[in-house]
Amino acid sequence: PGLEGEALDAHNRRLISRVNEKQRVLLTGAVVKGRFVIRICVLSFRTHENRIDAAIEDIATSMAELGAAR
């Protein structure tokens, strides 16, 4: 909250890096209409629920870590 424009783009890049450092899930980014956005792609219909739970946990943890670093 409170971030927009280039500050939000930079935050999203830091968040992706933080999540990916945990090496449990892999997030990627894309530029959409000039803004950097985070994307997650589940490639297999056999993806287990625990992988999705790990992604959500790592995203939430990383967001909290970045919030504390502000």
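**Notebook: contacts of D58 and related features**

I looked up D58 and found that, leaving aside its neighbours within four places in sequence, it is in contact with V19, K22, R24 and V25; contact means heavy atoms within 4.5 Å. The model is a predicted one, in which local features need pLDDT of at least 70 and side-chain atom pairs count only at pLDDT 80 or more, while totals for chains, interfaces and linings use all residues. Residues are numbered from 1 along each chain as its sequence is written, and side-chain values use heavy atoms, with hydrogens and water left out.

I placed D58 in helix α2; helices (H or I, at least four residues) and strands (E, at least two) are DSSP runs, numbered from the N terminus. D58 is buried, at a relative accessible area of 4%. Buried means under 20% relative accessible area, exposed over 50%, and partly exposed in between, with a 1.4 Å probe and protein chains only. I then noted a polar contact of 2.8 Å between the side chains of D58 and R24. A polar contact is a pair of N or O atoms within 3.5 Å; within protein, one must be able to donate a hydrogen and the other to accept it, and residues adjacent in sequence count only if both atoms are side-chain atoms.

**Core**

I listed the largest nonpolar core, which has 9 residues: L15, I16, V19, V25, L27, F36, A54, A55 and L66. Helices α1 (5-21) and α2 (49-69) each supply at least two residues of this core. Such a core is a set of buried Ala, Val, Leu, Ile, Met, Phe, Trp, Tyr and Cys residues joined through side-chain atoms within 4.5 Å. For L15, I recorded contacts with I38, I59, S62, M63 and L66, leaving aside neighbours within four places in sequence.

I also checked F36 and found R13 over its face, at 3.8 Å from the ring centre. A charge sits over a ring if NZ of Lys or CZ of Arg is within 6 Å of the ring centre and within 35 degrees of the ring normal.

**Hairpin**

I traced strand β1 (residues 28-32) against strand β2 (residues 35-39): they run antiparallel and are joined by 5 bridges. Two strands pair if DSSP finds at least two bridges between them. G29 has I38 in β2 as its bridge partner. The hairpin has 2 residues between the strands, and K33 takes a positive phi near 50°.

**Loop**

I found T47 in the loop between β2 and α2. T47 is partly exposed, at 32% relative accessibility. A polar atom of the T47 side chain lies 2.8 Å from the backbone oxygen of S44.
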